[in-house]
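I opened my notebook to look up a few places in this structure. My entries follow in the order I made them.

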Amino acid sequence: MSPAEHEAADTSHCPLCGQANQCAIVAGLPPESCWCMNEPVSREALARVPADLKGRSCICPHCGAAEPAQHTHQS
């Protein structure tokens, strides 16, 4: 496995910000206990997940709730 494949295989981190995604399934808990089952998830945030990680790595609650403008770097 290449370093990039190993890094992509880490499903416990958000593919948008790199922080812990708080995924219940990754933690071995029932899916219905996950934060994403109890809170709305931004479609815009889901659209920003890299294609190779869609369906493989969950976003975190912060990114799931945030609007894209909140993630832009301001100079």
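I started with Gln-22, which I found in the loop between α1 and α2. The model is a predicted one. I noted a positive phi for Gln-22, near 60°, in a residue other than glycine. Is Gln-22 buried or exposed? I got a relative accessibility of 56%, so Gln-22 counts as exposed.

Next I looked up Asn-21. It is in the loop between α1 (3-8) and α2 (43-47).

What does the side chain of Asn-21 reach? I found the backbone oxygen of Thr-11, at 2.8 Å. I then listed contacts of Asn-21, leaving aside neighbours within four places in sequence. Among them are Ser-12, His-13, Trp-35, Ser-57 and Pro-61. Cys-14, Cys-58, Ile-59 and Cys-60 are also in contact with Asn-21.

I followed Ile-59 from there. Not counting residues up to four places away in sequence, Ile-59 touches Asn-21, and also residues including Pro-15, Leu-16, Val-41, Leu-46 and Gly-64. Ile-59 belongs to the largest nonpolar core, which has ten residues in all.

Last, I checked the largest pocket. About 210 Å³ of space lies in it. How many residues line the largest pocket? I counted 13, and Leu-46, Gly-55, Ser-57, Cys-58 and Ile-59 lie nearest its centre. By class, I have nine nonpolar, two polar and two charged residues in the lining.

Note on methods. Residues numbered from 1 in each chain as written. Predicted model: local features only at pLDDT ≥ 70, side-chain atom pairs only at ≥ 80, totals over all residues. Heavy atoms only, no water. Helix = DSSP H or I, 4+ residues; strand = E, 2+ residues; numbered from the N terminus. Polar contact = N/O pair within 3.5 Å; in protein donor to acceptor, adjacent residues only side chain to side chain. Contact = heavy atoms within 4.5 Å. Core = buried A, V, L, I, M, F, W, Y, C linked by side-chain atoms within 4.5 Å. Buried < 20%, exposed > 50% of the residue type's maximum accessible area, 1.4 Å probe, protein only. 1 Å grid on protein atoms, 1.4 Å probe; cavity = no way out; pocket = protein on both sides within 12 Å on 5 of 7 lines; lining within 4 Å. Points joined across faces, edges and corners; volume = space filled by probe spheres on them. Nonpolar A, V, L, I, M, F, W, Y, C, P; charged D, E, K, R; others polar.
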